[in-house]
Amino acid sequence: MKLTTSLLAAAALAAAAVLAPAHAQTPMKISISIGQNSHQGIAIDTFAREVERRTNGRIKVQPFYSGALGGERESIEAVQLGTQELTFSSTGPVPNFVPAARILDIPFLFRDKAHARAVLDGPIGQEMLKEFESKGFKALGWAENGVRHMTNSKRAVNTPDDLKGLKMRTMENPVHVAAYKGFGIITTPMAFPEVFTALQQGTVDGQENPLSVIMAAKFDQVQKHLTLTGHVYSPAIWLMNKAAFDKLSPADQKIFLDAAAEGTKANRARVDEDDAKGVAELRSKGMQVIENPDRARFQAALSPVYAEFEKQFGKANIDRIRNFR
């Protein structure tokens, strides 16, 4: 009788062990600083759905939007510390953590989105992803924030001279700050969740962001003028706490990488859609749009800053990206 009881108990334990993984669920958090209905929102929603589907519900990723867990810099810090597993961020604050990434934020570095995507998805971008590992991150892949343009509440901007003296919010990024000072802008680095209020209250006159962000953040409500300067291509990146990634099985690690790739596809498709319809939509909401400023003059205005960038990054490294085919 004792033997039978022991066998039954052992069988019950074995069955519990088999069934447990099907019911156990590992929760993780991922965040963005803008709203769900955006190119970033579709990215993390796709990622969360793919992880849950591919792990049969074992791992559930909970998305947080609109800076609910802090701005981009705070979220990246949380991922580095391990108090948050994942974040999806523009590269704005990334150089504060991984200085090698600064080179990607040089103005007019990329010819267009296709060029930028080819660089990031190719050997140059893949080499740079490895730079994150020594800083406590697993970079799951590149995605897209978009091509940045300038808005303000004061005046139409046709040439670089029109920017002089404008107080502009910039990302917390040393390359951007240096470049925009070259335009004569009074730079005001600021976390994204604070920007709308700062524009509304006149703390700053303007800001610069891709059309996707301008629309998602409803900046048309507090900005009158938009100029399609296209001065910076802004990547986005999937970041995960490295220790959390290393704890995953090899199969689950592949699932996370594949889910990020699917999220990037959805993200880039939404950027393309927003770029195609953005000008008409923002005009319909009252913004005055200058579509074809003299970009050559904007580039020429940054010549002294480019000289500094070549000293910082090396001309060969910049040319490697600029000339990538």
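Helices and strands are taken here as DSSP runs, at least four residues long for helices and at least two for strands, and are numbered from the N terminus. The model on display is predicted.

**The whole chain**

Begin with the chain in cartoon form, which shows 13 helices and nine strands. Along the principal axes, the C-alpha atoms occupy a box of roughly 95 × 45 × 30 Å. The chain has 325 residues, and 52% of them are buried. Of the contacts between residues at least 6 apart in sequence, 75% join residues at least 24 apart.

**The largest pocket**

Next, select strand 4 (137-152), together with strand 8 (225-241) and helix 11 (295-301). Each of these three elements contributes at least two residues to the lining of the largest pocket. Strand 8 gives the largest share, with five residues. The space in this pocket amounts to about 340 Å³. By class, the lining comprises nine nonpolar, four polar and five charged residues.

**The largest cavity**

A search of the whole structure returns one cavity of 30 Å³ or more. The largest cavity holds about 150 Å³ of space. Select E72, S90, R169, M171 and F192, which are the closest to its centre among the 20 residues of the lining. Helix 3 (72-81) and strand 4 are the elements that give two or more residues to this lining. Its composition by class is eight nonpolar, seven polar and five charged residues.

**Q40 in helix 2**

Select helix 2 (residues 39-54) and centre the view on Q40. Is Q40 buried or exposed? Its relative accessibility is 2%, so Q40 counts as buried. Setting aside residues up to four places away in sequence, Q40 touches I32, S33, I34, E72, F88, N145 and N267.

**Two residues with positive phi**

Proceed to the loop between strand 2 (59-64) and helix 3, where S66 is found. S66 is not a glycine, yet its phi is positive, near 55°. With a relative accessible area of 48%, S66 is partly exposed.

Then move to the loop between strand 3 (86-90) and helix 4 (113-121), which contains F108. Here too the residue is not a glycine, and the phi of F108 is positive at about 55°. How does the surface exposure of F108 stand, buried or exposed? The relative accessible area of F108 is 12%, and this residue is therefore buried.

**Helix 6 against helix 12**

Finish by selecting helix 6 (residues 174-182) and helix 12 (residues 303-313), whose axes come within 10 Å and cross at roughly 155°. Because angles over 145 degrees count as roughly antiparallel, helix 6 is roughly antiparallel to helix 12. Which residues make the contact? From helix 6 they are V175, A178, A179 and G182, and from helix 12 they are V305, F309 and F313. Show these side chains and colour them by class: the residues of the contact divide into six nonpolar, one polar and no charged.

Terms used
Residues are numbered from 1 along each chain as its sequence is written. This is a predicted model: local features need pLDDT of at least 70, side-chain atom pairs count only at pLDDT 80 or more; totals for chains, interfaces and linings use all residues. Side-chain values use heavy atoms; hydrogens and water are left out. Axes are lines fitted to C-alpha atoms, for helices over the stretch in contact, and angles run from 0 to 180 degrees between N-to-C directions. Angles under 35 degrees count as roughly parallel, over 145 as roughly antiparallel, 65 to 115 as roughly perpendicular and the rest as oblique. Contact means heavy atoms within 4.5 Å. Ala, Val, Leu, Ile, Met, Phe, Trp, Tyr, Cys and Pro count as nonpolar, Asp, Glu, Lys and Arg as charged, and the others, Gly among them, as polar. On a 1 Å grid over the protein atoms alone, a cavity is a set of points where a 1.4 Å probe fits but cannot get out, and a pocket is an open set with protein on both sides within 12 Å along at least five of seven lines; lining residues have an atom within 4 Å of a point. Grid points are joined across faces, edges and corners, and a volume is the space filled by probe spheres set on the points. Buried means under 20% relative accessible area, exposed over 50%, partly exposed in between (1.4 Å probe, protein chains only).
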